[in-house]
Amino acid sequence: MKSVIKWQGGMAFEGATDSGHSVLMDAAPEVGGENRGPRPMEMVLLGLGGCTSIDIIMMLNKSQPGLVKDCQVEVTAERADSIPKVFTKIHVHFKVFGEGLNEKKVARAVGLSADKYCSVSKMLEASVEMSHDFEIIEA
């Protein structure tokens with residue numbers, strides 16, 4: 001796996017992936033950026049949310065086919081006050097929408113993603129206090 005990051009002027013950079021996708025990242029205006037894209041640390045949270053969401057949907061569609069109507073994930077984080085401003089805590093909250101979803105199966109999927117399958121979560125847990133929870137919303 002490889003990514004190439006190219007400077008776009010100012011404090012903006014375009015990241016391109018092996019899979020042919022690209023994303024523009026930029027810094028905040030107070031440090032010379034123009035706010036043209038997400039910050040690199042926000043990209044880490046997006047990566048975590050995307051990785052674990054894929055796990056959840058795959059597992060729930062297998063264990064409860066057709067019942068999941070939507071899935072949203074809110075990832076919140078706290079950062080250190082001093083440089084490097086690493087993440088110190090990350091919380092992942094799943095909102096699973098569906099009809100007649102089994103709470104134990106949703107809990108199992110969330111746990112398996114956090115503890116076994118989500119590569120991003122597994123990398124981060126070595127240095128960040130991670131937590132996860134969920135709610136089921138009848139749709």
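Ground rules to begin with. The model is predicted: local features need pLDDT of at least 70, side-chain atom pairs count only at pLDDT 80 or more, and totals for chains, interfaces and linings use all residues. Residues are numbered from 1 along each chain as its sequence is written, and side-chain values use heavy atoms, without hydrogens and water.

Now the sheet. It is open, with three strands in the order β4-β5-β6 and mixed pairing. Strands (E, at least two residues) and helices (H or I, at least four) are DSSP runs, numbered from the N terminus. Two strands pair if DSSP finds at least two bridges between them. The edges are β4 (68-79) and β6 (129-138), each pairing on one side only.

Look at β4 and β5 (residues 87-98). They run antiparallel, joined by eleven bridges. Take glutamine 72: its bridge partner in β5 is lysine 95.

Next, the helices. Helix α1 (residues 40-63) packs on the sheet and touches β4, β5 and β6. Contact means heavy atoms within 4.5 Å. Helix α2 (residues 103-117) also packs on the sheet, touching β5 and β6.

Which residues of α2 are buried? Val106, Ala109, Val110, Ser113 and Ala114. Buried means under 20% relative accessible area, with a 1.4 Å probe and protein chains only. These buried residues pack against α1, β5, α3 (119-124) and β6. Remember the general rule: an α-helix has 3.6 residues a turn, so residues three or four places apart point the same way.

Last, the N-terminal end of α2. Asparagine 102 caps it, with a side-chain oxygen 2.8 Å from the backbone nitrogen of lysine 104.

How values were computed:
Axes are lines fitted to C-alpha atoms, for helices over the stretch in contact, and angles run from 0 to 180 degrees between N-to-C directions. Buried means under 20% relative accessible area, exposed over 50%, partly exposed in between (1.4 Å probe, protein chains only). A polar contact is a pair of N or O atoms within 3.5 Å; within protein, one must be able to donate a hydrogen and the other to accept it, and residues adjacent in sequence count only if both atoms are side-chain atoms.
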